[in-house]
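Here are a few exercises to work through with the model open beside you. Try each task before you read its solution.

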Amino acid sequence: MRLLPWTGVDGKPCYLSTDDPGSLLSRLADDVEAAQLASAETVLVGARAVLHDPKAGERAVRFALTRAVESLGDVLRVAVSRSSDTR
């Protein structure tokens, strides 16, 4: 079972049961994970810039933190998915 990098409409995890890592859904999940990781890198750069800007206001800091939390959730989902694939 592979944990997919998205949740269902009810917010619960989605899983894929297949032995074919080349299946359409497996490849889509790989692409989504790669996009999430790339987005997290961009968010990290932006959050660091906000934190290093002494003139950044509360709104900018809250925005950066919100995006960072979202990205961290995505990255952790990818990590959990990949660690369960190696078992």
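Helices (H or I, at least four residues) and strands (E, at least two) are DSSP runs, numbered from the N terminus. The model is a predicted one, in which local features need pLDDT of at least 70, side-chain atom pairs count only at pLDDT 80 or more, and totals for chains, interfaces and linings use all residues. Residues are numbered from 1 along each chain as its sequence is written, and side-chain values use heavy atoms, with hydrogens and water left out.

**Exercise 1. The whole chain**

Work out in what order the elements of the protein chain run, and decide whether the chain is compact or spread out.

Solution. Start with the inventory: the protein chain holds two helices and two strands. Read from the N terminus, their order is β-β-α-α. The protein chain has a radius of gyration of 16 Å, well over the 12 Å that the rule gives for 87 residues, so it is more spread out than a compact globule. Along the principal axes, the C-alpha atoms fill a box of roughly 50 × 25 × 20 Å.

Finish with burial, where buried means under 20% relative accessible area, exposed over 50%, and partly exposed in between (1.4 Å probe, protein chains only). Of the 87 residues in the protein chain, 22% are buried.

**Exercise 2. Ser 26 and its surroundings**

Find out whether Ser 26 is buried or exposed, and list what it is in contact with beyond its neighbours within four places in sequence.

Solution. First locate the residue: Ser 26 belongs to helix α1, residues 24–52. Its relative accessible area is 2%, so Ser 26 is buried. Now look for contacts, meaning heavy atoms within 4.5 Å. Leaving aside neighbours within four places in sequence, Ser 26 contacts Arg 2, Leu 16, Thr 18, Asp 20 and Pro 21.

Then check for polar contacts: pairs of N or O atoms within 3.5 Å where, within protein, one must be able to donate a hydrogen and the other to accept it, and residues adjacent in sequence count only if both atoms are side-chain atoms. The side chains of Ser 26 and Ser 23 make one, at 3.0 Å.

**Exercise 3. Two partners of Ser 26**

Solution. Arg 2 sits in strand β1, residues 2–7. Because its relative accessible area is 11%, Arg 2 is buried. Its side chain has a polar contact of 2.8 Å with the side chain of Asp 30.

Thr 18 lies in the loop between β2 (13–16) and α1. Thr 18 has 37% relative accessibility and therefore counts as partly exposed. Its side chain reaches the backbone nitrogen of Asp 20 at 3.0 Å. Not counting residues up to four places away in sequence, Thr 18 touches Ser 23 and Ser 26.

**Exercise 4. Along the helices**

Solution. Ala 38 is in helix α1, and a relative accessible area of 41% makes Ala 38 partly exposed.

Val 61 is in helix α2, residues 58–85, and is partly exposed at 35% relative accessibility. Beyond its neighbours within four places in sequence, Val 61 is in contact with Val 50 and Ala 56.

Conventions
Rg over C-alpha atoms; globule rule 2.2 N^0.38 Å.
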